[in-house]
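Dear colleague,

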Amino acid sequence: MPDAPLSLPAHLYLLAWDTSKSETTGAAQLPQLVRAGALTELARRGLLLDEDGIATPVDMDAESGDPVLDGLLELVRESRPHRWRGWVTPHTRITLDAVREHLTAGGQLRAHKRRALGLFPTVEYDLARPAAVQALQEQARQILRGPVPAVDVSERDAALFALAAAAELRTLLPGGEHHEARVEELVRRSGPVAPVLRELVHGVRGAAASAAARA
């Protein structure tokens with residue numbers, strides 16, 4: 001993977017990338033998945049606290065140094081209070097676009113500008129390091145299907161792969177596989193953020209179910 005560690009939302013975006021088609025899967029729920037990852041990352045770093053189920057900034061000045069996370073943190077500060085699950089869906093395009101820009105700046109994605117229908121400017125992306133993404137996806141499949149014991153998974157990876165499984169990404173769980181028991185194991189393994197993560201997993205599953213119903 002890249003030289004500098006990537007955040008949870010960045011890794012979730014890469015996990016959704018179908019390297020055989022050079023595009024992301026689960027486009028309908030990907031913004032919600034990436035948002036859930038950003039919320040989890042902020043909770044892990046202590047920048048968002050859980051106060052009676054409400055996502056609450058630790059203060060009005062703290063920053064992470066990550067533009068994706070800091071953009072979401074600013075949005076939370078400027079908005080009325082929401083429960084964790086309530087932050088999974090609003091204004092998700094802001095977080096998704098920020099993740100793509102951050103990955104492009106870091107060399108994980110390549111951006112190509114073109115004009116749709118010859119008129120409207122648009123940007124297309126492809127992977128700069130597909131082999132690294134394939135390795136990450138294989139790691140996820142090994143953890144979700146076993147035989148790796150949950151206790152041997154880091155707290156951070158437990159949160160990462162629990163969210164990815166909740167979104168039922170076809171890059172990881174083809175053919176409609178479900179691993180609810182394993183996801184719950186990983187949620188418990190995620191450490192102090194487990195109560196928050198459990199709420200976000202439910203939010204991501206709701207987004208995935210809504211996308212399936214619309215398909």
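**Findings**

Asp59 is found in the loop between β4 (54-57) and α3 (67-78); helices (H or I, at least four residues) and strands (E, at least two) are DSSP runs, numbered from the N terminus. The model is predicted, so local features need pLDDT of at least 70 and side-chain atom pairs count only at pLDDT 80 or more, while totals for chains, interfaces and linings use all residues. Residues are numbered from 1 along each chain as its sequence is written, and side-chain values use heavy atoms, with hydrogens and water left out.

Asp59 has a relative accessible area of 36% and is partly exposed (buried means under 20% relative accessible area, exposed over 50%, partly exposed in between, with a 1.4 Å probe and protein chains only).

Salt bridges, in which a side-chain nitrogen of Lys or Arg lies within 4 Å of a carboxyl oxygen of Asp or Glu, number 10. One of them joins Arg85 and Glu199 at 3.3 Å, N to O. This pair links distant parts of the chain, 114 residues apart: Arg85 is in the loop between α3 and α4 (92-105), and Glu199 is in helix α8. Both are partly exposed, Arg85 at 39% and Glu199 at 28%.

Another salt bridge is formed by Arg93 and Asp97, with the closest N and O atoms 3.6 Å apart. Arg93 and Asp97 are 4 residues apart in helix α4, so about one helical turn separates them.

Glu41, Arg45 and Arg156 are linked in a network of salt bridges. Within it, Glu41 is buried at 4%, whereas Arg45 is partly exposed at 40%.
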